[in-house]
Amino acid sequence: MRYEIRFAGFGGQGIISAGRITGQAAVIYDGKHSVLTQSYGPEARGGACAAEVVVDERVVDYPILVQPEIAIIMSQDAYNTYGRDIRPGGTLIVDPDLLEREERSDVRVLEVPATRLAEGLGRKIVANVVMLGALGAAAPVVSKDALLKAVLASVPPHTRDLNQKAFEAGYNYVKEVLSGRS
C-alpha cells in the first residue's frame, strides 16, 4: 500500500533530514520502497521547506505526492502552504507552539509540542527527531524500531543518546495522547 508523508517547516528545523531518515528507515530497516522529494526557498535558514516521502510495499512508480495521508507541520508558513491538502481521514501532526490552525473535522489532529519537548532535553535542534518519534506512534507506516535505527545511524555518535531521548519523548507523548492520558 502506498503512503504519502509530508514534513514541512522552515529551513534549520531539520525538515529535510526528517524526510530522509523516514525514507531510509522504510528501505533499509523495514524492507519497503521509498522516494524522497524536497523543496525549499532560496534562504538556507528560515525559508519555507518541505520533504515529501512516498513509502510503498512495491516499487514507487510515481514519486510526487497527490494527497498525503500524514503531514507533520512545524511552522505557520508551512501550515498555510501545506496543512490543508491532507487526505480526509489522514493525520495532521503539528507543533502547537509554532503555529495557529483552524479546526479540522476531516482529519485526526495531533498537537505535539516538539520544540518544547526538545528544549526540555536541552537542545531545541532535536525537535525534528521528537516529530519522528511522534510519527512512529501515530501512524506506523514505518516501524518504531526502523525509525529509531535510522535516526541513530544518521546522527554523530556523541549525540545518539540525546537523539534517542528525543525520539522516545515524541513517541511516548503521542502514545499517551492516543490512550487518553494527556
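**Salt bridges, helix packing and surface**

Analyst: R6, E52 and D85 are linked in a network of salt bridges. Note that this is a predicted model.

User: How many salt bridges does the structure hold?

Analyst: Side chains of opposite charge can pair when their charged atoms come close. A side-chain nitrogen of Lys or Arg must lie within 4 Å of a carboxyl oxygen of Asp or Glu. The number of salt bridges in the structure is nine.

User: Which parts do R6 and E52 tie together, and how many residues apart are they in sequence?

Analyst: The side chains of R6 and E52 meet in a salt bridge, at 2.7 Å from N to O. R6 lies in strand β1 (residues 3-10) and E52 in strand β3 (residues 48-56), so the pair ties together parts of the chain whose separation in sequence is 46 residues.

User: Is E52 buried or exposed?

Analyst: Buried means under 20% relative accessible area. E52 has a relative accessible area of 15%, so E52 is buried.

User: Where do E69 and R87 lie?

Analyst: Their side chains, E69 and R87, meet in a salt bridge at 2.2 Å, N to O. The pair links distant parts of the chain, 18 residues apart: E69 is in the loop between β3 and β4 (70-73), and R87 is in the loop between α2 (76-82) and β5 (91-94).

User: What is the relative accessible area of R87?

Analyst: E69 is buried, with a relative accessible area of 12%. R87 is partly exposed, and its relative accessible area is 30%.

User: Which helix holds R116?

Analyst: D97 and R116 meet through their side chains in a salt bridge of 2.8 Å, N to O. D97 sits in the loop between β5 and β6 (108-111), 19 residues from R116, which is in helix α3 (residues 114-120).

User: At what angle do the axes of α1 and α5 cross?

Analyst: Residues of α1, including R20, I21 and Y29, meet residues of α5, including A146, L147 and S154. The crossing of α1 and α5 is right-handed. The axes of α1 and helix α5 (residues 144-154) come within 8 Å, and they cross at roughly 115°.

User: What accessible area do V27, I28 and Y29 have together?

Analyst: V27 has its place in helix α1 (residues 15-29). V27 is partly exposed, with a relative accessible area of 40%. V27, I28 and Y29 form a nonpolar patch on the surface, and their accessible area together is about 270 Å².

Notes
Residues numbered from 1 in each chain as written. Predicted model: local features only at pLDDT ≥ 70, side-chain atom pairs only at ≥ 80, totals over all residues. Heavy atoms only, no water. Patch = residues over 30% accessible without salt bridge, like charges linked within 9 Å, V, L, I, M, F, W, Y side chains within 5 Å. Areas by Shrake-Rupley, 256 points an atom, 1.4 Å probe, with all protein chains shown as cover. Helix = DSSP H or I, 4+ residues; strand = E, 2+ residues; numbered from the N terminus. Buried < 20%, exposed > 50% of the residue type's maximum accessible area, 1.4 Å probe, protein only. Axes fitted to C-alpha atoms, helices over the stretch in contact; angles between N-to-C directions. Left-handed = near helix turned anticlockwise from the far one by under 90°. Contact = heavy atoms within 4.5 Å.
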